Amino acid sequence: MTSSDKPDNAADTSDTTAGHTGVAAMDWAAASADPQYRAAVVDLLGALAYGELAAFERLAEDAKLAPTLADKAELAKMASAEFHHFERLRDRLAGIGEEPTQAMEPFVAAYDGFHKQTAPSDWLEGLVKAYVGDSIASDFYREVAARLDSDTRALVLAVLDDTGHGGFAVEKVRAAIDADPRVGGRLALWARRLMGEALSQSQRVVADRDALSTMLVGGVADGFDLAEVGRMFSRITEAHTKRMAALGLAA
């Protein structure tokens with residue numbers, strides 16, 4: 001996830017329990033008394049932590065494709081922010097008595113598989129992947145965060161805050177399309193592929209982790225019912241369509 005550490009902003013949106021019910025109105029100390037809820041949160045933080053570590057590695061690698069030194073520096077700055085978020089999640093896992101690498105391990109294959117299947121062939125594909133692919137994951141985690149205890153919700157939202165990578169990607173991609181409109185068709189196909197792969201991968205991850213899947217369908221915390229799961233993916237798809245339009249691409 002291409003995100004930036006803005007704890008003040010996150011606190012504005014997540015630290016209050018007003019309007020929340022059930023687990024979402026509790027803090028971690030109260031909510032974690034339920035072992036199934038605790039297991040779900042450990043899974044969630046493990047998945048997020050490895051996602052941030054993988055994003056750091058990918059951005060550092062993508063910087064090699066950057067056409068200018070200024071672009072290379074911008075991606076390096078974003079990679080640094082991702083690693084800082086990884087550290088926050090790692091420290092949180094350790095702080096609640098969990099071994100961070102063990103919490104991340106179940107998600108390594110899924111993340112690595114996604115990145116292997118969607119390796120960009122050039123600079124522009126890398127930008128679209130970071131903007132579109134990571135944003136899909138961020139949308140999903142924000143949906144889940146609304147149902148978490150207040151402490152975990154604040155942390156999750158903080159590490160999902162925008163780094164400004166979105167604006168950077170939009171500027172560069174639109175400029176490339178203006179220079180050569182044929183680029184737009186290729187990038188639109190690429191973005192559609194990313195959308196399909198990201199949704200499939202997230203569904204597989206949830207299905208493989210009992211605690212996460214139970215939480216999402218209402219067995220733990222204030223989960224989704226099946227109808228709400230459908231509405232959630234509709235909202236994610238709608239947000240994707242808007243991002244495509246911002247890039248100047250057809251969804």
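This is a predicted model: local features need pLDDT of at least 70, side-chain atom pairs count only at pLDDT 80 or more; totals for chains, interfaces and linings use all residues.
**A chat about a helical model**

Trainee: Which side chains does a polar contact of 3.4 Å join?
Mentor: Those of Ser-135 and Arg-243. A polar contact is a pair of N or O atoms within 3.5 Å; within protein, one must be able to donate a hydrogen and the other to accept it, and residues adjacent in sequence count only if both atoms are side-chain atoms.

Trainee: Is Ser-135 buried or exposed, and why?
Mentor: Buried, because its relative accessibility is 12%. The cut-offs are under 20% relative accessible area for buried, over 50% for exposed, and partly exposed in between (1.4 Å probe, protein chains only).

Trainee: What is Ser-135 in contact with, leaving aside neighbours within four places in sequence?
Mentor: Ala-130 and Arg-243. Contact means heavy atoms within 4.5 Å.

Trainee: Zooming out, how many helices and strands does the protein chain have?
Mentor: It has 12 helices and zero strands. Of its 251 residues, 51% count as buried. Among contacts with a separation of 6 or more, 82% come from residues 24 or more positions apart.

Trainee: How do α3 and α4 cross?
Mentor: The axes of α3 (residues 35–62) and α4 come within 8 Å and cross at roughly 160 degrees. Axes are lines fitted to C-alpha atoms, for helices over the stretch in contact, and angles run from 0 to 180 degrees between N-to-C directions. So α3 and α4 are roughly antiparallel; that label is for angles over 145 degrees, with under 35 roughly parallel, 65 to 115 roughly perpendicular and the rest oblique.

Trainee: And the handedness of α3 passing α4?
Mentor: Left-handed. In that case the near helix is turned anticlockwise from the far one by less than a right angle; clockwise is right-handed.

Trainee: Which residues of α3 and α4 meet?
Mentor: Val-42, Leu-45 and Phe-56 are among them in α3, and the α4 side includes Met-78, Phe-83 and Leu-93. By class, the contact of α3 with α4 has 16 nonpolar, two polar and four charged residues. Ala, Val, Leu, Ile, Met, Phe, Trp, Tyr, Cys and Pro count as nonpolar, Asp, Glu, Lys and Arg as charged, and the others, Gly among them, as polar.

Trainee: What about α4 and α8?
Mentor: Their axes come within 10 Å and cross at roughly 160 degrees, with α4 spanning residues 69–95 and α8 residues 150–160. That makes α4 roughly antiparallel to α8. The crossing is left-handed. Residues that meet include His-85 and Arg-88 in α4, and Asp-151 and Leu-155 in α8.

Trainee: At what angle do α3 and α7 pack?
Mentor: About 165 degrees, with their axes 12 Å apart. The two are therefore roughly antiparallel. Ala-130, the contact partner of Ser-135, is one of the α7 residues that meet α3.

Trainee: Last one: how far apart are Gly-185 and Leu-249 in space?
Mentor: They are 7.5 Å apart, C-alpha to C-alpha, and 64 residues apart in sequence. Gly-185 sits in helix α10, residues 182–208, and counts as partly exposed because its relative accessibility is 41%.

Conventions:
Residues are numbered from 1 along each chain as its sequence is written. Side-chain values use heavy atoms; hydrogens and water are left out. Helices (H or I, at least four residues) and strands (E, at least two) are DSSP runs, numbered from the N terminus.
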